[in-house]
Amino acid sequence: MGSSEPVPIAESDKRKKKKRKARATDSLPGKFEDMYKLTSELLGEGAYAKVQGAVSLQNGKEYAVKVSVSSGCACLCRE
C-alpha cells in the first residue's frame with residue numbers, strides 16, 4: 001500500500017480562480033432609475049423575466065435590460 005502523505009502539485013497544475021466580470025453598474029453609484037430610462041419596447045418575455053429596451057441617461061446609448069419578475073406566489077394558477 002502507499003503512504004498517506006500529500007502529493008505535491010506543480011504550480012501550473014493548480015486551479016486558477018475565475019475573475020468576476022465587471023458589470024456596468026459596479027462603478028456607478030445610484031439607482032437604476034437614475035441611470036437609465038426604460039422604453040416601452042418589449043424584446044422578449046419568459047416565465048420569470050422579461051427583456052426590455054432602455055436608454056442610458058448619461059450617454060444616450062440603447063441597451064437591452066433583463067427585468068426579473070418577483071412575486072410572492074411561486075405557483076401556477078389554473079382556471
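Author: Let us begin with burial: a residue is buried under 20% relative accessible area, exposed over 50%, and partly exposed in between, with a 1.4 Å probe and protein chains only. By this rule Lys66, at 65% relative accessibility, counts as exposed. This is a predicted model, in which local features need pLDDT of at least 70, side-chain atom pairs count only at pLDDT 80 or more, and totals for chains, interfaces and linings use all residues. Residues are numbered from 1 along each chain as its sequence is written, and side-chain values use heavy atoms, with hydrogens and water left out.

Reader: What percentage of the residues of the protein chain count as buried?

Author: Of its 79 residues, 10% do. The accessible surface, computed by the Shrake-Rupley method with a 1.4 Å probe and, for residues, with only the protein chains shown as cover, is about 8100 Å² for the protein chain, and carbon and sulfur atoms contribute 52% of that area.

Reader: Which pattern does the protein chain follow along the sequence?

Author: Helices (H or I, at least four residues) and strands (E, at least two) are DSSP runs, numbered from the N terminus. Here there are one helix and three strands, arranged as α-β-β-β along the sequence.

Reader: How many aromatic pairs does the structure hold?

Author: Rings of Phe, Tyr and Trp (its six-membered ring) pair if their centres lie within 6.5 Å; planes under 30 degrees apart count as stacked, over 60 as edge-to-face, and the rest as tilted. The structure holds two such pairs. In one of them, Phe32 and Tyr36 have ring centres 5.1 Å apart and planes at 25°, so they are stacked. In the other, the centres of Tyr36 and Tyr63 are 5.9 Å apart and the planes stand at 90°, so this pair is edge-to-face. Because Tyr36 belongs to strand S1 (residues 36-45) and Tyr63 to strand S3 (residues 62-68), the latter pair ties together parts 27 residues apart in sequence. Phe32, Tyr36 and Tyr63 form one aromatic cluster.

Reader: Is Tyr36 buried or exposed?

Author: Tyr36 is buried, at 14% relative accessible area. Phe32 is partly exposed at 32%, and Tyr63 is partly exposed at 37%.

Reader: Where does UniProt place the feature "binding site"?

Author: UniProt positions are given in the numbering used here, feature names are shortened, and annotations may be inferred rather than shown by experiment. The unreviewed UniProt entry places this feature at Lys66, a residue of strand S3. Contact means heavy atoms within 4.5 Å; leaving aside neighbours within four places in sequence, Lys66 is in contact with Ala49, Lys50 and Val51.
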